[in-house]
Amino acid sequence: MAILVNRETRLMTVGLTGKQGTFHTLQSRDYGTNVVGGVTPGKGGMIHEGIPVFNSTQLCMQETGANAAMIFVPPKFAADSILECIDAEMPLIIAITEGIPINDMVKVRTALKNSHSRLIGPNCPGIITPGECKIGIMPGHIHMPGNVGVVSRSGTLTYEAVFQLTQREIGQSTCVGIGGDPVNGTNFIDCLQLFQEDAATDAVIMIGEIGGSAETEAARWIQENMNKPVVSFIAGASAPKGKRMGHAGAIISGGDDTAEAKFKILEECGVTIARSPAELGEKMQSLLN
Amino acid sequence: MNVHEYQAKELMKEFKMKVLKGAVANSVDEAVAAAKEMGGNVWVVKAQIHAGGRGKGGGVKLAKSLDEVKQHAQDILGMNLVTHQTGPEGKKVLKLLIEQGCEIEHEYYAGVVLDRATGKITFMASSEGGVDIETVAAQTPEKIIKVAIDPAVGFSPYVGRKLAYGIGLTGDAVAQAAKFFEGLYRLYIEKDCSIAEINPLVLTKDQEIIALDAKLNFDANALFRHPDIERLRDPSEESEQELEAGEFGLSYISLDGNIGCLVNGAGLAMATMDIIKLHGGSPANFLDVGGGADKEAVKKAFSIILQDENVKAILVNIFGGIMKCDIIAEGIVAAAKEMSLEVPLVVRLEGTNVSLGKKILKESGLSITAAEDLKDAAEKAVTAAKES
């Protein structure tokens, strides 16, 4: 067990034939992910690196039984590709693309409601169930199978957390990067709920950032609904006000979206906080013992 | 991306919103000539910088004669305007907006923003304009009317009426305001704004709804479809280093500490700054080299960090995912050799091709302090900055 992806996952890549799409699809396949197809409009019928290419998501799903799609399409066209996946009723869509216009994502978010799809991302490293299925750009080798779920808004900071766990021989059930954009498909609470229900997950690491209220809402949800321990770090305690720190989401607009305010509410809600990003593994280890 | 008030108002006119008669001036003479040309007997002289709070800082002044226009223009042009948004260093005023005055009956607030919690564009209006809207939101939230707009439905006229009645307008002003609100929403959507804020929006004694101020911010990720907006960019408002970094795909923000940081990933870059602070140091910058940086980009990152004279030590923290540690190592070696690195360098590498990366650094003969993990890296960098 794990959440969202496992050995049964059948992956297709939208934007397969591009440089990034090819590289990361092959990396995922090497890790053991069952890659069944790809989509590049106009290149349908060809075989790319042993993977059949189709002109549309719908066709690819029909022919290959794909049940997860990784989006590697440039930002200008990425929202359109996500919408095409939603239209084809793709169950799981993972959008890696960084830099999609916000208003495009507002439309996508509306289309996701009452749809048959779940979107992870955009602007995220993807999702991995160690030892079973990797969809995204994270380095597979730092992970190990186990019982800690990881959910994060950041990419490399997630690798840092996973690395600290693996170093202590604490494995991970599933690691989900939900992405750094202000409008995304799956939020902290969605993942926490899945981890809470997952028999293979015993504890969770949640990594947040300054800006927005997602962590605050997650803290309240944890207090009311979760009996598995959660360790959390919020990046950006040292960030100056009003400056955008790379992620469109990470901008403090004042009030309760500072790191300090988020740490405080997490602590009040019974979450174990790591003030230092170097303490995530340590804190989790002491919770599990 | 930010634009100036005068540019925002030009755009607003295209979307049928009323603004006061005004003109841009780059000199005192131009300011006086503009005031003369537009006529009237009251003018407002407004500093054009990308920051709010200009009035309190002395950047907005009322003139009741052409002599006063001249006097104010002389005072404001070239001044170093400090507001709560510029930081203590302030911003130099290079442009003025000269506007005709008007008689105000009441000041309102109107704004369009993304509500991140719902993922919907949300219209806000308040009867309490002309003041800090955050204060209104904190103290009297019931005085802010909010309407979330479904992108599939768009702006229906009732939204405008709901907002106009909600802020207490009556008579003719309701229809005028409703039209204004529709224009502001259309501008937000059609030009891909990330903020469109009018504070104050006023009702004049002549019963006209007019924008006195305007703040428009545009989504940088959508500029590819708005070359007209891209042309409004004012490079004098952006730091040279930040612009230079952008050209190489680096994301750089200057801070006031003394430890230069070079990190991959925005989250890890922030976390690196945080851990430096936790160990008693102070970061000199935020710098995310991104996922696809090559040797040249790494070299550029070093040169940007070293332009900051406050930098006493550099901490490189790389967790290789897409980014390979050997590429970073090659960039570090090349940069250190070409730029005669005089400050201590602490390097922490982990992830993809880490052993190859460490080998390149070791064999380079450079004096580099290798760090074992994140904590070790922060401690070593803080010590190095204190000692040098």
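Trainee: What does chain A average in pLDDT?
Mentor: Keep in mind that this is a predicted model. Chain A averages a pLDDT of 93, and 94% of the residues score at least 70.

Trainee: And where in chain A is the pLDDT below 50?
Mentor: That's residues 247-252 of chain A. The stretch still has 32 contacts in the model, beyond near neighbours in sequence.

Trainee: OK, on to the interface. How many residues of chain A are in contact with chain B?
Mentor: 47 residues of chain A, and they meet 47 residues of chain B.

Trainee: Which elements of chain A give two or more residues to that side?
Mentor: Three helices: α3 (75-87), α4 (102-112) and α5 (156-167) of chain A. The largest share comes from α4(A), with six residues.

Trainee: How do the residues on the chain A side divide into nonpolar, polar and charged?
Mentor: You get 23 nonpolar, 16 polar and eight charged.

Trainee: Switching topic: which residues touch the most other members of the largest nonpolar core?
Mentor: Ile71(A), Ile94(A), Leu184(B), Leu287(B) and Ala381(B), in a core of 195 residues. Helix α6 (residues 172-190) of chain B gives the most to this core, nine residues.

Trainee: What does Leu287(B) touch?
Mentor: Leaving out residues up to four places away in sequence, Leu287(B) touches Leu250(B), Tyr252(B), Cys261(B), Leu262(B), Val263(B), Ala269(B), Ala301(B) and Ile305(B). There's also a second, separate core of 22 residues, which includes Ala34(B), Val44(B), Ala63(B) and Ile98(B).

Trainee: Now the sheet in chain B. In what order do the four strands come?
Mentor: β1-β6-β2-β3, as an open sheet with antiparallel pairing. From one strand to the next, the twist averages 20 degrees.

Trainee: Why is one side of β1 and of β3 in chain B left without a neighbour in the sheet?
Mentor: Because β1 (22-25) and β3 (60-63) of chain B stand at the edges, and each has a single partner strand.

Trainee: How many bridges do β2 and β6 of chain B pair over?
Mentor: Five, between residues 43-47 in β2(B) and residues 96-100 in β6(B). For one of the residue pairs, take Ala47(B), whose bridge partner in β6(B) is Leu96(B).

Trainee: Which helix packs on that sheet?
Mentor: Helix α3 (residues 66-76) of chain B, which touches β1, β2, β3 and β6 of chain B. The direction of α3(B) makes about 10 degrees with that of β2(B).

Note on methods
Residues numbered from 1 in each chain as written. Chains lettered and ligands numbered in written order. Predicted model: local features only at pLDDT ≥ 70, side-chain atom pairs only at ≥ 80, totals over all residues. Core = buried A, V, L, I, M, F, W, Y, C linked by C-beta atoms within 7 Å. Buried ≥ 20, exposed ≤ 12 C-beta atoms within 10 Å, placed from the backbone. Contact = placed C-beta atoms within 7 Å. pLDDT = per-residue confidence, 0-100. Nonpolar A, V, L, I, M, F, W, Y, C, P; charged D, E, K, R; others polar. Pairing = 2+ DSSP bridges. Axes fitted to C-alpha atoms, helices over the stretch in contact; angles between N-to-C directions.
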